[in-house]
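Please take a moment with the sequence and the structure shown below, and then follow the walk through a few of its local features.

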Amino acid sequence: MKLRDLLRPEHMIVPLHAGTVKEATEQLARRLVVSGAVAEPNRLHALIQDRWPEDLTSVGDHAFLPHFRTESVRTLLVSVGIAATAIRSEKDPYRAARVVIFIVAPPRDSPTYLQVIGALARALSDADTLQALLDARTPGDVMAVPALGTIELPSHLLVRDVMTAQVFTVAPDTSLGDVARLMVERLVRAVPVVDDTGTLLGMVTHKELLRYLIPDYLQRTKSGEFRAPTKSQLQRGSVDPRRIPVREAMARSVLCLAEDQTLSDVANLMSTKDVDRFPVVSEGKVVGFLTRADLIRRLIAT
């Protein structure tokens, strides 16, 4: 499937008049509604209002790609807007672009949805393609851009092609306070807990940190003396939670991936299980880590 196969002139706004990316997205969504492509218009509008700007990909200073998965549509839709003047980002007022492409798809189309985002980002990273879009004066001009008819959606990529192989892990005896500091320093939101052989024991995320550390923040324990916590102490919350071994706080039920799983499998898991980060294991040992951001970056680079 080529990129052009997903585009329809009636889904485009050229020229687009909007001051912000959100305004542009709302206009493009209305264009889809007017064309009859959206099954539940009110649901789509509410989604944009509630989740903005959670799902927004920027392609350098060239374009914005707002994207959502929702049951308000029955098939994947792409709406293209080309503005005569730069449209600014609400999230970063110093970033602006003239191209806004709105992608929306039902959850069952998650694999294609992710591939389309990546393919569009690659197309927009090409100087000639970008200039051809900026020069477009009508939807017909957009449809005539050569690259849109040649770029194919990637397929058959496996987890091993996308995952991060250098994984940051912690030992089960690491204190929760140390894990929290390391997560902040390394800008990660989840850390696998492994034993001496690299076997996965569990995972700690922001959810586990908040569950233990927020009560401590609100009411610090008065004793500064450290003693190994007992289970009863943990249940009563009578020890400094920053000193709790991570094995006592980690999630033990963890969704994992295998290296040879397809990205279609991963996209479906992300959609149906509402999980966006996974340890990758081989014979029980952690060999990689995969997040939705990793997936998007890989698709953009393909």
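The structure is a predicted model, in which local features need pLDDT of at least 70, side-chain atom pairs count only at pLDDT 80 or more, and totals for chains, interfaces and linings use all residues. Residues are numbered from 1 along each chain as its sequence is written, while side-chain values use heavy atoms, with hydrogens and water left out.

Strand β6 covers residues 190-194, and it pairs with β7 in the antiparallel sense over 5 bridges; two strands are said to pair if DSSP finds at least two bridges between them, and helices (H or I, at least four residues) and strands (E, at least two) are DSSP runs numbered from the N terminus. Together β6 and β7 form a hairpin with 5 residues between them, and in the turn G198 has a positive phi of about 90 degrees. Strand β7 itself, residues 200-205, is mostly covered, since 5 of its 6 residues are buried, where buried means under 20% relative accessible area, exposed means over 50%, and partly exposed lies in between, with a 1.4 Å probe and protein chains only.

Most residues other than glycine have a negative phi, and most peptide bonds are trans. L187, however, has a positive phi of about 55 degrees although it is not a glycine, and its place is in the loop between α7 (176-186) and β6. L187 counts as exposed because its relative accessibility is 78%. E283, which is not a glycine either, has a positive phi of about 55 degrees, and it lies in the loop between β8 (277-282) and β9 (285-291). With a relative accessibility of 81%, E283 therefore counts as exposed. The peptide bond from V14 to P15 is cis, with omega near 5 degrees, and P15 belongs to strand β1, residues 13-16.

In the segment before β1 the reader will find H11. Is H11 buried or exposed? At 7% relative accessibility, H11 counts as buried. Not counting residues up to four places away in sequence, H11 touches R31, L32, S35, A37, L77, V78, S79 and V80, contact meaning heavy atoms within 4.5 Å. With S35 there is also a polar contact of 3.3 Å between the two side chains; such a contact is a pair of N or O atoms within 3.5 Å, where, within protein, one must be able to donate a hydrogen and the other to accept it, and residues adjacent in sequence count only if both atoms are side-chain atoms.
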